[in-house]
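I opened my notebook to look at one helix and at some aromatic rings. Here is what I looked up.

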Amino acid sequence: MKKSFNTEGYCDPAFNYMVDLSERLKNIRAMVDDGKYFTINRARQYGKTTTLTALAEFLKADYMVISLDFQGISYADFESEQSFVAAFSRQILVAAEDIPADVQEELTQFAMEPNGKETLSVLFFSLLKLCRKAEKEIVLIIDEVDSATNNQVFVDFLAQLRNYYLKRRQIPTFKSVILAGVYDVRNVKRKIRADEDQKTNSPWNIAADFTVDMSFSVPDIAGMLRDYESDCHTGMDIDMMAQLLYDYTSGYPYLISRLCKLMDERIVGRSEFPDLSHVWTKAGFLEALKILLEEPNSLYQSMKGKLGDYPYLRKVLYDLLFTGKTVPYTAMSDYMETAAMFGFIKNMNGTAVISNRIFETVLYNWFMAEEYADNRLYETGLQGKNQFISGGHLNVRLILEKFSESFDYLYGDQNEAFLEDIGRRYFMLFLKPIINGVGNCYVEAETRNHERTDLIIDYGGDQFVIEMKVWRGNAYNERGEQQLAEYLDYYHLKKGYMLSFNFNKKKEIGIKEVLVGDKILIEAVV
């Protein structure tokens, strides 16, 4: 039976194409062997459950692994110590093998016949007895642990774990404890008392740093594609495809698997992609990308929910996307930590940037959708859409010409501060209805700053690079031309575009061509 790419639940190597996790498992195993207690905190659908499932299998020859999932414990089970002890005991009875008879009897009583006297202390007495009598050292894994972090009973449970960990040289306890989820229980504030006071989950301050990289590298992706290619014989350029997948996802596991799944199952059979050999090309990848950007998948729904739950995230992300401001990545900042925890941003050389091109495009679409109805440039782009497309190809020079004319007519009398703030955002609003449904665009994180932004457009298999910048004089402009020419080499392009926002009263609005080496630059000034 042919394997498939999986985006629902954990991946099984017997049924799914997946990256080789062996090195990650060895690194995590080293932490377990050292007796570490640690948390694995990554954004939604980042491969946590798949990794934990593989880890449990990897460890079971040498350890007794008790792997629990707190999604199986209801909210009501956290309302009292007795209900939590009963639910926790049920999970252990299902997950653990070879439990000594007397311990099994105690846990069964806690789970099935509670008498109201079951407290955390009583539970831990049985757990410590299990640790003492078990033939192998015990590793406790709890997945989806953040579903419980807003509850005092769970905080008390963590405190007990901490207490026995500190006494591990005197008392037999778990060899290692691993908690996994989106939220970091060490420092995420939660409401845990009826009086609405906020606390920090300090009982987990014994947790070791977890530094294992769970994103997929280009070699990781290439290995998965080689497995697929050995079954399907598409003739794809594996290295090229692996690099494309990484460039757009920055190694986010769900996004990579989703793009591969779309190519394997949804693209094939269309007129322009009659078989897999046509699908696994750059054109096929861009077609899958278009579907991914437009579909309402569970990951996007979760992200959108977080923007509603944490309103200050909207401002942080909006500034990163549209103003060109350089925002330092400060780990101790609550809003920065929250944005990183949910996977919106990452640390790039000390600067906060959107995590990957796909998230950036999705966020652009969400934020700009709120402005469509009231924006005259969007309407102008929409009304003139057909004139910018010929034979399925985008006329970017004409787009720059019309934008320059329209922007100057609509906003030319505004002050400099206004124009500098909204210029690049308004160009994207003008562009959006033109490429909508066929192409997409994103900003290159490495070149983003307050004075320069490189916008990349994918349309109909073609790529275009537009440098948008604030005019700072001829010398600065010439440096920008050289930078753009060098940047075009990376994309293997001979033609590039510049859009300059010039606040000089004597500026000449218009468009011209400049030759830099073997590159043609189309420059527009507004």
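My entries below start with a helix and move on to ring pairs.

**Entry 1: the helix.** I'm working from a predicted model. I picked helix H5, residues 120-133, and checked its length. With 14 residues at 1.5 Å a residue, helix H5 should span 20 Å, and its end C-alpha atoms are 20 Å apart, so the two agree.

**Entry 2: what is buried there?** I listed the buried residues of H5, among them Leu-120, Leu-123, Phe-124 and Cys-131. Ser-126 and Lys-129 are on that list too. Then I asked what covers the buried residues of H5. The cover includes strands E2 and E3 as well as helices H3, H4 and H6.

**Entry 3: ring pairs.** I searched the whole structure and got 33 aromatic pairs. I looked up Phe-124 with Tyr-164: their ring centres are 5.6 Å apart and the planes sit at 25 degrees, which is under 30, so this pair is stacked. Phe-124 is in helix H5 and Tyr-164 in helix H6, 40 residues apart. Phe-124 is buried at 2% relative accessible area, and Tyr-164 counts as buried at 16%.

**Entry 4: another pair.** Phe-407 and Phe-501 are edge-to-face, with 5.7 Å centre to centre and 70 degrees between the planes. Phe-407 lies in helix H17 and Phe-501 in strand E14, so the pair ties together parts 94 residues apart in sequence. Both Phe-407 and Phe-501 are buried.

**Entry 5: cluster and charges.** Back at Phe-124, I found a cluster linked by ring pairs, including Phe-84, Phe-88 and Tyr-164. Elsewhere, Lys-306 lies over the face of Phe-342, 5.2 Å from the ring centre. Arg-357 lies over the face of Tyr-248, at 4.9 Å.

Note on methods: Residues are numbered from 1 along each chain as its sequence is written. This is a predicted model: local features need pLDDT of at least 70, side-chain atom pairs count only at pLDDT 80 or more; totals for chains, interfaces and linings use all residues. Side-chain values use heavy atoms; hydrogens and water are left out. Helices (H or I, at least four residues) and strands (E, at least two) are DSSP runs, numbered from the N terminus. The expected span of a helix is 1.5 Å times one less than its number of residues. Buried means under 20% relative accessible area, exposed over 50%, partly exposed in between (1.4 Å probe, protein chains only). Contact means heavy atoms within 4.5 Å. Rings of Phe, Tyr and Trp (its six-membered ring) pair if their centres lie within 6.5 Å; planes under 30 degrees apart count as stacked, over 60 as edge-to-face and the rest as tilted. A charge sits over a ring if NZ of Lys or CZ of Arg is within 6 Å of the ring centre and within 35 degrees of the ring normal.
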